Amino acid sequence: MSHYVSPIREPLVTGNKTYHQITEDLVSPTEKAPTGSWIIGFIIAVSCLAFGLFCIAWTIWHGIGTWNLNRTVGWGWDITNFVWWIGIGHAGTLISAILLLFRQKWRTGVNRAAEAMTIFAVICAALFPGIHVGRAWVVFYFFPYPNTRGPLWPNFNSPLLWDLFAISTYFTVSLLFWYTGLVPDFATVRDRAKGFRKKIYNFLSFGWTGSAKHWQRWESLSLVLAGIATPLVLSVHTIVSFDFATSVIPGWHTTIFPPYFVAGAIFSGFAMVQTLMLVTRKILKLEDYITLAHIESMNKVILVTGTIVGVAYLTELFIAWYSGYVYEQFAFFNRALGPYWWSYFGMMFCNVITPQFFWFKKFRRSIFWTFLLSIVVNIGMWFERFVIIATTLARDYLPSSWSYYSPTWVEMGIYLGTIGLFFTFYLIFTRVAPVVAIAEIKSILKSSGDQYTGPNAHAHHHDHDHALHAVHSAASSDANHGTSGHVDDASVLTMEDDLKKLEGIGPKVEQTLKAAGIKTFQQLSSAQVDDLQRILDEGEGNFMGNSPESWPQQAKLAYEGRWDELKDLQDRLDGGKY
């Protein structure tokens, strides 16, 4: 079945790629030795992680007193960073699940790294509740265990218990979704590997063979997990917002928190995906798979969610004024004009003003501005969490208990350690798995590759056709004047077509055909199917699964430049397989 693709739609795979080139480009980073930039980045990440582990050990050994929490501010950098990391973890599942259900093709270039980012960000977030209980050995209070210890039954009304359920469910589903997508690509790596490495990837790929039944089950499972994960995207940060919204503290007990937190999480998550993908795109030379079209689409989502967050900020201010509740009004007055004014205006600038640059196409498609603004947005979202937590708690009902909170080196070290943990995981991931989903890129090649769609589609084919017809014309002219036709023969013989563009012909088959003298679409179009089958049978290789029945017809369409008809024919032949 063919699908209409707008001729003005920008291609999502550039570089005139073949299926073999896609495999080569995406698998080779896992096979080659790490580059110098990767090694430097890994050393920095591990160093930050080591310092963070030292600070965690310091906290457990000396107690929470090593943090600068006080009688007023009982939550500081720990919960700020917890909510920040959970927010960053949102975009991965959103890109993968919701955009898969809506069949958005631009997700294929970025979904794999975004899914990995979700897993690593949730792991970083999970560290903070475990630490901030004070005595780490009573962390079991988070879990709903039977009442075997007297009156110590955990409180099911606690938002911290809701956090545990929400985050563990979200992590489990996201992990399954991520790993499901990796299985076909692990099999691709396995088929290219040798020795012990081949055994490892064979285990990781669960015996994947690429049969039609495997693909059918893989796609069904992906859709089921996407359907489960989509409501989780909304529920997880809604429940995190309940940590605040279910309290009676002015500035917290507001019904706008759930949608406001969800929009902010998607906002910060997409910004972190942009930061990661731009760096990965440059270092691993993936510009043909993570294109400006992907970057622009992501920036549009950042613009929309940033605008939603800005509306939420203004709604909070309006409701505080309209309510006539003096304590609520003071909470917002204190945020803007109190001792933490710098964080409030930093939040407003980073989250409300800077995304508006993406209204302009020049900024949406600029690598430099996208990278800069993605970092600014994540700084702004950290400020938002700090403003909600620290500024609200620092000024409560009793002026005698007012205080000013600033973190100690231990709190900053733990935060730095989580950043190190995140990038350590991510850098290892880039070495063991393809950062871009191979199977999914191949599935959109014929509808979104630059040789099939966009303003420059087929240009190289038409140039070739014109050159070939020019040779034929020259030969005809020579014949009319009684001159030799050897120039024509030489030109035709030296001009070869890329036969791999035909359905059913891969690198090995192409090599076999060209060795038998069939080097152009024209030659293949006039060949007999029986002769082609004999060439395959006599060739060096196992071509039992290759049927040449449609090749002359495809070659005729290619030779005549009838690419749309060729694509329709190939779609019917392909039958929906990758």
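What percentage of the 578 residues of the protein chain count as buried? The figure is 52%. Please keep in mind that what I am showing is a predicted model.

Some overall numbers to begin with. The protein chain has 23 helices and zero strands. As for contacts with a separation of 6 or more, 76% of them are between residues 24 or more positions apart.

Now the surface. There is a nonpolar patch made of Phe 51, Phe 54, Trp 58, Trp 409, Met 412 and Leu 416, and together these have about 550 Å² of accessible area. Two elements give two or more residues to the patch: helix 2, residues 36-62, and helix 15, residues 409-432. Take Phe 51 as one member of the patch. Phe 51 is in helix 2, and its relative accessible area is 35%, so this residue is partly exposed.

Next, two residues with contrasting surroundings. Tyr 327 belongs to helix 11, which covers residues 326-337. Is Tyr 327 buried or partly exposed? Partly exposed, because its relative accessibility is 42%. With neighbours within four places in sequence set aside, Tyr 327 touches Pro 250 and Tyr 397.

Ser 343 is in helix 12, residues 341-353. Its relative accessible area is 0%, so Ser 343 counts as buried. Which residues is Ser 343 in contact with, leaving aside its neighbours within four places in sequence? Phe 383, Phe 386, Val 387 and Thr 391.

On to the rings. The structure holds 50 aromatic pairs. One of them is Tyr 344 with Phe 345, an edge-to-face pair with 5.6 Å centre to centre and 85 degrees between the planes. Tyr 344 is buried because its relative accessible area is 7%, under the 20% cut-off. Phe 345, at 42%, is partly exposed. Another pair is Phe 422 with Phe 423, also edge-to-face, at 5.2 Å centre to centre and 85 degrees between the planes. Here Phe 422 has 0% relative accessibility and is therefore buried, while Phe 423 is partly exposed at 30%.

Two arginines sit over aromatic rings. Arg 335 lies over the face of Phe 332, 4.7 Å from the ring centre. Arg 431 has its charged end over the ring of Trp 38, at 5.9 Å from the centre.

Last item, helix 19, which spans residues 507-515. Which of its residues are buried? Val 509, Glu 510, Thr 512, Leu 513 and Lys 514 are. The cover over these buried residues includes helix 21, residues 529-538, and helix 22, residues 551-559. Just after helix 19 comes Gly 517, with a positive phi of about 95 degrees.

To recap, this is a predicted model with 23 helices and zero strands, a nonpolar surface patch to which helix 2 and helix 15 each give two or more residues, and 50 aromatic pairs. That is the end of my part.

Key: Residues numbered from 1 in each chain as written. Predicted model: local features only at pLDDT ≥ 70, side-chain atom pairs only at ≥ 80, totals over all residues. Heavy atoms only, no water. Patch = residues over 30% accessible without salt bridge, like charges linked within 9 Å, V, L, I, M, F, W, Y side chains within 5 Å. Areas by Shrake-Rupley, 256 points an atom, 1.4 Å probe, with all protein chains shown as cover. Salt bridge = Lys/Arg side-chain N within 4 Å of Asp/Glu carboxyl O. Helix = DSSP H or I, 4+ residues; strand = E, 2+ residues; numbered from the N terminus. Buried < 20%, exposed > 50% of the residue type's maximum accessible area, 1.4 Å probe, protein only. Contact = heavy atoms within 4.5 Å. Phe/Tyr/Trp six-rings, centres within 6.5 Å; stacked < 30°, edge-to-face > 60°. Lys NZ or Arg CZ within 6 Å of the ring centre and 35° of its normal.
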